[in-house]
Amino acid sequence: MNNQNPFDKEYVGGMPSTIAPESKSGTKQFLKEPVEPQELKRYGTSKPTRVVVRAKLIHGKG
Amino acid sequence: MVKARAGRTARLAQGDVLRDVECVEHVVERNGQLEMAKIVFPLVVVLTQDCDLAQDYRFRWSRQPTTTEDKLLLSVLVAPLYNAEHVYNGEQLSELGMKMVPINRTRSPGDNLRKNETPRFHYLDFGPSVPVVPSVVDFKHYFSVNAAYLKKVKARNFVCRISTLYREDIAQRFASFLARIALPD
């Protein structure tokens with residue numbers, strides 16, 4: 001067990017504060033920073049998809 | 001970081017990374033209607049041994065007469081590359097309605113994945129010159145594709161070829177995965 005004071009002022013900057021840390025909106029941040037053009041050209045961002053093809057058979061076509 | 005080259009050869013080669021490759025799930029005829037279901041994989045890597053691909057290419061497209069069709073490949077083995085971020089979350093096949101086991105990226109499973117110590121997967125972190133996100137090859141999902149079809153796909157959808165040693169590493173790990181033996185407890 002160490003003897004460090006859990007409320008060591010040095011650790012919290014020496015200023016007692018009851019203000020919660022500022023939370024940045026992830027969405028706001030994303031909207032402000034446009035996607036780099038290089039990112040748009042990167043492959044592998046999409047997932048495999050299933051495609052079903054249906055066609056009518058024409059029997060007896062000459 | 002894996003090395004890969006953007007230059008392409010005319011023939012299919014082991015380590016080729018190709019876009020939008022189709023895997024036919026089934027074809028059925030029902031009540032005068034033909035129904036075909038296929039899965040389109042955004043990225044696959046060619047696993048078939050390069051010597052086999054070279055021989056098949058010479059057989060199919062060279063003008064040299066041959067007495068047999070002995071070197072013809074009926075199909076080429078490929079495996080899908082999934083976005084590593086999707087693999088961590090277990091959602092790489094969510095578009096197919098399939099849920100996969102997530103891999104904790106910050107703990108041992110994630111570390112093992114990135115160090116290629118998980119037999120089923122092969123992690124690929126491409127360099128800045130290759131426009132592919134960090135990806136994971138899933139050996140369990142290998143499938144075969146017609147060689148002539150894949151060559152046409154390569155002409156349109158070639159991405160890069162994984163460099164020597166790195167592609168042999170993938171092939172060797174794939175062979176080990178297929179040859180694994182699960183012993184009863």
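**Exercise 1. Salt bridges within chain B**

Describe the salt bridge between E85(B) and R105(B), and state what the pair ties together.

Step 1. The side chains of E85(B) and R105(B) meet in a salt bridge, at 2.8 Å from N to O. The criterion is a side-chain nitrogen of Lys or Arg within 4 Å of a carboxyl oxygen of Asp or Glu.

Step 2. Because E85(B) lies in helix 2 of chain B and R105(B) in the loop between helix 2 and helix 3, the pair ties together parts that are 20 residues apart in sequence. Helices (H or I, at least four residues) and strands (E, at least two) are DSSP runs, numbered from the N terminus.

Step 3. E85(B) is partly exposed at 39% relative accessible area, and R105(B) is partly exposed at 33%. Buried means under 20% relative accessible area, exposed over 50%, and partly exposed in between, with a 1.4 Å probe and protein chains only.

Step 4. A further salt bridge joins the side chains of E168(B) and R167(B), at 3.6 Å from N to O. Here E168(B) is partly exposed at 33% relative accessibility, whereas R167(B) is buried at 15%.

Conventions for all exercises: this is a predicted model, in which local features need pLDDT of at least 70 and side-chain atom pairs count only at pLDDT 80 or more, while totals for chains, interfaces and linings use all residues. Residues are numbered from 1 along each chain as its sequence is written, chains are lettered from A and ligands numbered from 1 in the order in which they are written, and side-chain values use heavy atoms, with hydrogens and water left out.

**Exercise 2. The cavities**

How many cavities of 30 Å³ or more does the structure hold, and which residues line the largest cavity?

Step 1. There are 2 such cavities. On a 1 Å grid over the protein atoms alone, a cavity is a set of points where a 1.4 Å probe fits but cannot get out, and lining residues have an atom within 4 Å of a point.

Step 2. The largest cavity has a volume of about 50 Å³. Its lining consists of L12(B), L53(B), D56(B), Y57(B), W61(B), A147(B) and K151(B).

Step 3. Helix 1 (50-61) and helix 4 (147-157) of chain B each supply at least two residues of this lining; helix 1 gives the most, with 4 residues.

Step 4. The second largest cavity holds about 30 Å³ of space. Residues of its lining include S46(A), K47(A) and P48(A) together with P42(B) and L81(B). Strand 4 (residues 76-83) of chain B gives the most to this lining, with 3 residues.

**Exercise 3. Positive phi values**

Locate N31(B) and L165(B), and classify each as buried or exposed.

Step 1. Phi of N31(B) is near 50°, a positive value in a residue other than glycine. N31(B) lies in the loop between strand 2 and strand 3 (33-46) of chain B and is exposed at 76% relative accessibility.

Step 2. L165(B), likewise not a glycine, has a positive phi of about 80°. L165(B) is placed in the loop between strand 8 (158-162) and helix 5 (166-179) of chain B, and is exposed at 66% relative accessibility.

**Exercise 4. The fold of chain A**

In what order do the elements of chain A run from the N terminus on?

Step 1. Chain A has 2 helices and 1 strand, in the order α-α-β.

Step 2. Of its 62 residues, 5% count as buried.

Note on methods. 1 Å grid on protein atoms, 1.4 Å probe; cavity = no way out; pocket = protein on both sides within 12 Å on 5 of 7 lines; lining within 4 Å. Points joined across faces, edges and corners; volume = space filled by probe spheres on them.
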